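Here are a few notes to read alongside the model. Keep the viewer open while you go through them.

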Amino acid sequence: MRLSIAAGVATFSSAILLYPLFEGGAWFWGALGAVVAVMVASLLSGRLSLPAWAAPPASLIALWIYLTASFSAEEAWALIVPTKESVLELARLLATGWTDIQRFAAPVPANEGIALLTAGGVGLIAIIVDLFAARLRRAALAGLPLLALATVPATILTEPINWFAFIVAAFGFTSLLIADGRERVGQWGRAVLVRRTRSVAPSTAKAAADTRGLRLSGKRIGFAAIALAVLVPAALPAMEPVSFFTFGVGGSGSGTGNSISIPNPIANLKGQLELPERRIVLSYTNDDDKPRYLRIYSLDTFDGEQFGMTQPKGAPDNRTDNGPLPPPPGLGQGVKLTNVVTDVQISEEIAKLSFLPLPYPPRQIQIAGDWRADVGTLMVFSTRDEAAGLEYQVATSEPAPTGQLLRELPQTRSAADLRYLSVPEDLSPQIRDLALRVTADAANHYEAAVKLQEFFTRTGDFTYSLKTQGHGNSALRDFLLRHRAGYCEQFAASMAVLARIVGIPARVAIGYTGGTKVGDRWMVGTNDSHSWPELYFEGVGWLPFEPTPTGSLGQGSARVPDYSLPPSTPTDESAVPTPGATSAGEEETGDPQARQNPRELDREATLATGGLPPDDSMPLAAKLGIGAGALLILLLVPALIRLVTRNRRIRALGWKVAEPSDEVTARVMAGRHPSVAAAWAELDDLLYDYGMARETSETPRALARRLTEQYKFDATSAASIAAIAAAVERVLYAREPGEIGPLRQDLRNVRQALAVTVPRGRRVRAVLLPPSTLRRLRRLGEGLLDGFDRLENIRLRRTAAQRGS
Amino acid sequence: MAVTHDVPQQLDELVSTAHRIRQAIESVVEGKSDAVRLTLTVLLAEGHLLIEDVPGVGKTMLAKALARSIDCPVRRVQFTPDLLPSDITGVSAYNQQTREFEFKPGPVFANIVVGDEINRASPKTQSALLECMEEHQVTVDGVTYRLDAPFMVIATQNPIEMEGTYPLPEAQRDRFTARVAMGYPEPAAELEMLDVHGGTSPLDKLEPVATTAEVRALIEAVRGVYVSQAVKKYAIDLVVATRHSPDLRLGASPRSTLQLVRAARAHAALSGRDYVIPDDLQDLAVPVLAHRLLPSVEAQGQRRLPEQVVTDLVRRVPVPETRAS
C-alpha cells in the first residue's frame with residue numbers, strides 16, 4: 001500500500017519536470033488526476049489481492065475511465081462509462097493534440113488535445129512505475145520510466161532543467177526507494193543501527209523491525225547523491241544536447257510565452273545608422289566577387305504605423321544541418337538563377353544577434369550550432385546561439401530575371417500569403433490615391449513596381465535625410481505627401497505600402513547593403529545598415545527593390561537592381577541605360593563584371609579600412625595541453641594552500657610571547673599568542689602529512705613523549721618538541737603563559753628529526769598532495785552529514801512526541 | 001582563590017614538604033612511588049583514599065607510614081564483622097557525677113583515620129563513615145560534632161572476591177577520592193625489604209617530617225592552583241563519557257567530577273605547576289573514577305574491568321583546544 005502511494009508520488013514529482021513545455025496549468029491538474037486514478041486502482045487491486053499481472057490492466061481501465069470522464073464526458077454514458085462516441089472523441093482529441101505538438105514550439109498552449117496527451121502519457125508512466133515498484137517489487141527499475149519522463153523536457157528544451165524541479169523529482173524517486181527498502185527490511189529481524197550520532201532514544205519494542213537506522217543511512221546517501229547531482233554539473237562545462245523529440249523550436253527560458261527575443265529591428269536600424277563611427281559588422285567573400293544585400297529580418301505585417309515581424313517558426317526539419325533549406329517561395333521553372341557561394345564572417349562585437357545576415361534566397365548553409373530556417377521568409381535564426389564571431393558558408397540561388405520575363409509573367413492571383421497584401425482599412429485615402437496615380441499607366445505588376453521605385457528615386461523628388469522622426473501613420477503620410485525626406489526605413493516601408501495598395505505582395509527587409517571592398521573581402525559596417533522592400537512576383541518569387549536614394553547623397557552602398565530600372569525604350573529590353581549594367585540573366589554563375597554600379601567606386605575610394613578580428617581557433621594539441629595544465633594546477637591546489645598556510649604560520653612563529661595577560665580563558669590566550677598557535681597547528685599538520693597523526697586525546701606533553709620515544713629523537717630534537725609542548729600547554733591551560741621564546745628553530749628541529757624517519761615517497765606526497773589540506777575538506781563533509789543527522793533527529797523526536805501524546 | 005602572586009613561593013614550599021613526606025614513606029614502603037604519590041595527592045586534595053589489594057602487600061604499611069610521617073593525631077580502626085557504628089563515631093555515655101550524657105568521641109576524631117580491612121565490617125557499620133567522610137562532621141544523638149582539618153580516611157580493603165568480605169556500598173565508594181592498588185613489589189624492592197625489615201620494623205624509626213599546620217598550608221596552596229575553562233570542560237567530558245559508555249551500568253557522579261578536578265590540582269601542585277593540564281586528569285582518571293563505576297552485563301561477560309573502560313575513554317575523549325585552528 002505504501003509502495004503504491006510512493007510510486008504515484010514519484011511519478012507525479014517527475015511529471016512536474018514537464019512544466020516548461022506547457023503554457024498554463026491545465027496539464028498539471030490533468031496529470032495529477034491521471035496519477036491519482038492509477039494510484040487508486042493500484043491500491044484497490046492491492047487490497048483485493050489481485051495477481052501481479054492483473055494490476056496494470058486494472059490501472060489502465062481506471063486511467064481510461066478518468067480520461068473519458070474528464071475529456072469526453074458528454075459522449076460517455078453516465079459521464080464515465082466509455083461509449084463508442086467517447087472513444088472516437090478521445091481519438092480525435094489525441095490526433096489534434098499530436099498535430100498541435102508537432103506544430104507549436106514549446107511551451108505549447110495547453111489546449112484540450114495536448115492536455116489529454118499529457119495526462120495519458122503521465123498516466124501510462126504511472127502504471128509502469130506502479131507495476132515495477134508495487135507489483136514486481138523492483139523499485140530501482142521503476143526509475144527507468146521515470147527517467148524517460150524526465151528526459152522529455154531535457155531533450156526538447158535547450159534550457160537546462162530547473163534545479164528545484166529536479167530536486168523535487170529526485171526526492172520523489174528517493175522516497176520510492178526508501179519506501180521499498182522499508183517494506184523489504186520490515187519483514188526481517190532487527191535492522192543494524194548505522195547512524196552516526198547516538199542521541200536518539202532507543203526504539204520502543206514493536207512487532208515490526210525498527211528500520212529507522214537503515215532508513216536514515218538510505219536518506220543520507222540519497223541526500224548526498226541529489227546534492228552531488230545538482231552541484232557537480234554546475235561546475236562542469238555544459239554539453240550540447242541533441243534533440244530527439246519533434247516539438248518545434250522557439251522555446252524560451254527567460255522570455256515570456258513562446259516569443260524569441262527579437263530586437264526592435266527598426267529602432268536598431270536607426271541606431272546603427274546614427275553611430276558616429278563606422279564599426280565593422282561582418283565581412284564576406286563570394287564566388288563572383290559582387291556585393292549582395294544581406295538580409296537579416298523580413299517584416300511582413302503592417303499595422304498602419306510600422307512594419308512588424310510574425311514569430312518565425314523553426315521546425316527541426318529545417319535545421320541548417322539537415323541539408324538544403326526549404327525552397328524559396330514562388331520561384332518558378334523558367335527563371336535563370338545565379339548560384340553563388342558566400343563566405344560570411346561575423347564580427348565578435350555583435351551582441352545578441354540571433355538571426356543570420358544572408359543573401360536572399362539561401363539554399364544551404366554550413367554553420368556550427370542549431371540554426372533553423374523559417375519556411376515562409378527563409379530567415380535563419382537560432383534560439384540558443386548567437387551569430388557573433390561565427391563564420392559560415394551560404395549557397396544562394398539568386399533569380400536573375402530580365403524585365404522582359406517579369407513583364408510577361410501571368411497576372412494570376414498570387415499564391416503569397418494574404419498578409420503580404422493587407423493594409424489597414426483606415427489608411428489615408430490620399431495615400432491610396434497616390435499609389436494608384438503613380439502606377440496609373442502600368443500594364444502589369446512589374447511595371448507598377450518599377451514605376452513606384454522610379455517615383456521614389458526620381459520623379460517624386462524625395463531627399464535622403466536621417467533627421468526624419470517617427471514612422472507612424474501620420475509620419476507615413478507626411479513622408480509621402482509633404483516633406484518627402486527620410487531614410488531607407490521610410491522609403492522601404494512606403495514603397496511596400498504603395499505596392500500592397502496596387503496589389504503586389506510586399507514586405508520590408510532589414511539587413512545590410514553589400515558593403516565596400518577592402519582588399520579581397522567585402523566589409524560591411526554599421527553604416528551599411530539598410531532597409532528595402534521585397535516584392536513578390538508569382539513565378540519568380542521575392543525580388544528586392546531599391547527606392548532609397550543611393551550614392552553620396554543617399555544610402556552610400558545601396559545598389560539598384562537591374563530589373564527594377566525603367567527601360568530607356570520600353571520596347572528594347574537589352575539596352576539598359578545604367579552604364580556597366582548588363583543583364584545578369586545570361587550568366588549561370590559568377591560574372592565578375594556584372595551589375596557594376598559606378599557609385600560604389602566612389603564609395604570605395606573614400607573607404608576607411610577596417611579590420612576583422614583574427615581567427616583565434618586553437619589546435620587540438622594546444623587545447624589538450626591547456627587541459628592537462630589546468631588539471632595539474634588543480635591537483636597542485638592543496639599543495640599550494642598548504643604552502644601558503646605554512647608560510648603564514650612560520651612568519652607568525654618568529655613572534656615572541658611576552659607580557660603576561662590577566663586571567664583569561666585559554667581560548668583567548670591562544671588567540672593572543674599566534675606564534676604558539678601557529679607552531680602547534682603546523683606541528684599537527686606536519687604529523688598528519690607524515691602519517692603519524694596526533695590522536696585527539698593526546699595531550700601536547702604526551703605527544704612530545706611519544707614522538708621522542710617512537711622516533712628516537714636526539715637530545716636537541718627532544719628538547720625542541722618538549723619546548724613546543726610546554727609552550728602550548730602554558731598558553732592553553734595556565735593562568736599566565738609567561739615568557740615564551742620564538743619557536744621557529746624548535747619546529748625546524750622537530751621537522752628535520754621527523755623527516756628522516758619517513759620514507760621518501762611519503763615526504764614527496766606530503767609536499768605535493770598534503771593530506772592535511774584534504775582533511776579540511778573531509779571535515780566539511782562530515783559537518784554536512786552531521787547536519788543531516790540533526791535534522792533527522794528533530795523530525796524523529798517530533799514524531800515520537802506525537803505518538804506519545 | 002585569592003592566591004595569585006605568591007603561588008610560586010608556596011609551590012616551592014609545597015614541593016619540598018611533599019618531597020620530605022614522600023621520602024619518609026618510601027623509606028618504609030619500597031618501590032611503590034606511584035602509590036605513594038597518589039596517596040599524597042589525595043591528602044592534598046582533601047580526599048579519602050581506598051587502598052585495595054590482596055593481603056600482605058603493604059596496604060596497612062602505606063597507611064601507617066603516611067600517618068606517622070605527619071605530626072598529627074592518627075587513629076586506627078580494625079574493621080571486623082562485629083564492629084558497630086558507634087565504635088567508629090563514638091557514644092554518648094551517662095556520667096554519674098555530672099548526671100549528664102557525655103559524648104565519648106570515637107576513632108574518627110583524628111586527622112588521619114586508618115580503616116583497616118574496611119570491607120570486613122557489615123554495610124551498616126561501613127555507612128557510619130559516610131557523614132564524616134563527606135561533611136567532615138559526626139552526628140550522634142542529634143548533636144553534630146565538627147572534625148578537625150585536615151581529615152583523611154585511608155581505608156584498606158581486600159578484593160571483594162576474597163572470603164568474608166562485604167562489598168562497599170556505592171554511596172561509600174563514591175566518597176573515596178581515589179582507589180589505589182599496591183601490586184606486588186619488584187624483586188629488587190622485595191630483596192631490599194627483606195634486608196631492611198629483617199630486624200626491626202622501619203615504622204618505629206619513622207619520625208614525623210611535617211606538622212598539621214604545614215599540611216593545612218599545603219592544602220590551601222593546592223586550592224589556589226589554576227584550572228582553565230578548557231580543562232574543566234575536559235574533566236566534564238571525561239565524566240560524561242563514563243555515563244554514556246555502553247560498557248558501564250553506572251557512570252561517574254558529579255561528585256566525582258569535583259574530586260577529579262580537586263585531585264588534579266593536587267597532582268599539578270606536586271609537579272610544581274600552578275595550573276592543571278589535561279595530563280593531570282588523564283593520570284588520575286583511572287584511580288579517581290574506576291572504583292565508582294559498575295560494568296554493564298556485556299562488559300562483565302567480556303571480563304572488561306572498569307579500569308580498562310576508563311583507560312579506553314581517556315584514549316577517545318579529545319583533549320580540549322588543541323585542534324589546529
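**Notes on the two chains**

1. Start with helix H2 of chain A. Its buried residues are Trp27(A), Gly30(A), Ala31(A), Ala34(A), Val35(A), Ala37(A), Val38(A), Met39(A), Ala41(A), Ser42(A) and Ser45(A). Buried here means 20 or more other C-beta atoms within 10 Å of the residue's own, with C-beta atoms placed from the backbone. Helices (H or I, at least four residues) and strands (E, at least two) are DSSP runs, numbered from the N terminus.

2. Before going further, some housekeeping. This is a predicted model: local features need pLDDT of at least 70, side-chain atom pairs count only at pLDDT 80 or more, and totals for chains, interfaces and linings use all residues. Residues are numbered from 1 along each chain as its sequence is written, while chains are lettered from A and ligands numbered from 1 in the order in which they are written.

3. What covers those buried residues of H2(A)? The cover includes helix H1 (2-15), strand E1 (22-23), helix H3 (55-71) and helix H5 (112-135) of chain A. A contact means C-beta atoms, placed from the backbone, within 7 Å.

4. After the helix comes Ser49(A), with a positive phi near 55 degrees.

5. The unreviewed UniProt entry lists "transmembrane region" at several stretches of chain A, including 25-46 and 620-641; such annotations may be inferred rather than shown by experiment. In the model, residues 25-46 of chain A are 95% helix and 0% strand. Residues 620-641 of chain A are 100% helix, with end C-alpha atoms 31 Å apart.

6. Now chain B. Five strands make an open, parallel sheet in the order E3-E6-E9-E1-E10, pairing being at least two DSSP bridges between two strands. Strands E6 (112-116) and E9 (152-157) of chain B share four bridges, and Val114(B) sits opposite Ile154(B).

7. Finally, where the chains meet: 21 residues of chain A and 22 residues of chain B take part. On the chain A side, H18(A) gives the most, with five residues.

Definitions and conventions. Two residues are in contact if their C-beta atoms, placed from the backbone, lie within 7 Å. A residue is buried if 20 or more other C-beta atoms lie within 10 Å of its own, exposed if 12 or fewer, and partly exposed in between; C-beta atoms are placed from the backbone.
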